[in-house]
Amino acid sequence: ERVNIIPFFHHILDRFEMNKSENIVIDRHMPQENVFLWLDKDKINQVIDNIVSNAIKYSPEGGTIKFRVVKEKQRLLVSISDQGMGIAREKLEKIFERFYRADKARSRELGGTGLGLAIAKEIIETHHGQIWAESKEGKGTTILFTLPLIKKKRGVKS
Ligand code: ATP
Ligand code: MG
């Protein structure tokens with residue numbers, strides 16, 4: 001479906017802030033203009049939900065969550081940053097694998113199956129985008145994904 005992406009993102013984040021018991025404020029940096037993308041709203045909602053949930057879950061001391069959107073020439077770049085525990089460099093690519101959990105002991109306490117990012121990757125790739133992570137252990141993590149600006153219907157359910 002054709003979606004005006006910035007209001008759509010605001011809506012997701014508003015709902016997220018309202019539904020969480022903790023007092024979560026997501027710092028937003030997004031362009032004002034109308035940007036239309038062709039996407040499956042439920043699926044993209046699921047991607048953002050998992051990434052933001054992770055940012056909260058793996059940030060035991062709180063900290064700010066930043067949601068940034070940049071309109072590039074041919075793609076939209078979305079990045080979600082936290083100031084949590086971070087991920088070791090050698091584990092950065094593995095976190096997108098099914099059932100992979102970076103810190104077994106701590107992850108077990110926090111709960112989860114290790115599927116969230118694998119599903120996110122599958123969804124973003126179905127949308128012809130990319131997803132990756134940048135992190136500094138002990139400093140925080142940024143998950144980035146792109147979505148093509150040019151409308152592509154193939155492989156994406158409307
Ligand atoms: P699920 O999402 O299925 O409930 P999960 O959160 O463990 O379980 P993923 O979302 O796929 O699974 O994340 C995989 C692993 O990557 C996590 O177990 C965690 O070790 C690491 N990880 C993901 N996001 C972050 C983050 N923001 N900060 C630190 N580690 C993270
Ligand atoms: Mg998760």
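## Exercises on a predicted model

α2 (41-57) and α4 (116-126) each supply two residues or more to the shell around ligand 1. Residues are numbered from 1 along each chain as its sequence is written, and chains are lettered from A and ligands numbered from 1 in the order in which they are written. This is a predicted model: local features need pLDDT of at least 70, side-chain atom pairs count only at pLDDT 80 or more, and totals for chains, interfaces and linings use all residues.

**Exercise 1. Describe the shell around ligand 1.**

Step 1. The shell has 23 residues, and Tyr-58, Ala-102, Gly-112, Gly-116 and Leu-117 come nearest.
Step 2. Sort the shell: ten residues are nonpolar, ten polar and three charged. Here Ala, Val, Leu, Ile, Met, Phe, Trp, Tyr, Cys and Pro count as nonpolar, Asp, Glu, Lys and Arg as charged, and the others, Gly among them, as polar.

**Exercise 2. Find the buried residues of α4 and say how they are arranged.**

Step 1. Buried means 20 or more other C-beta atoms within 10 Å of the residue's own, exposed means 12 or fewer, and partly exposed lies in between; C-beta atoms are placed from the backbone.
Step 2. In α4, Leu-117, Ala-120, Lys-121, Ile-123 and Ile-124 are buried.
Step 3. These residues lie on the same side of α4, because their arc around the axis is only 165°. The arc is that of the directions from the helix axis to the C-beta atoms.
Step 4. Their cover includes α2, β6 (131-136) and β7 (140-148).

**Exercise 3. Place Arg-68 in the fold.**

Step 1. Arg-68 sits in strand β4 (residues 65-71).
Step 2. Arg-68 has 15 other C-beta atoms within 10 Å, so it is partly exposed.
Step 3. Arg-68 touches His-29 and Ser-79, leaving out residues up to four places away in sequence. Contact means C-beta atoms, placed from the backbone, within 7 Å.
Step 4. Arg-68 and Asp-103 are 35 residues apart in sequence and 27 Å apart in space, C-alpha to C-alpha.

Notes
Near = placed C-beta within 6 Å. Helix = DSSP H or I, 4+ residues; strand = E, 2+ residues; numbered from the N terminus. Contact = placed C-beta atoms within 7 Å.
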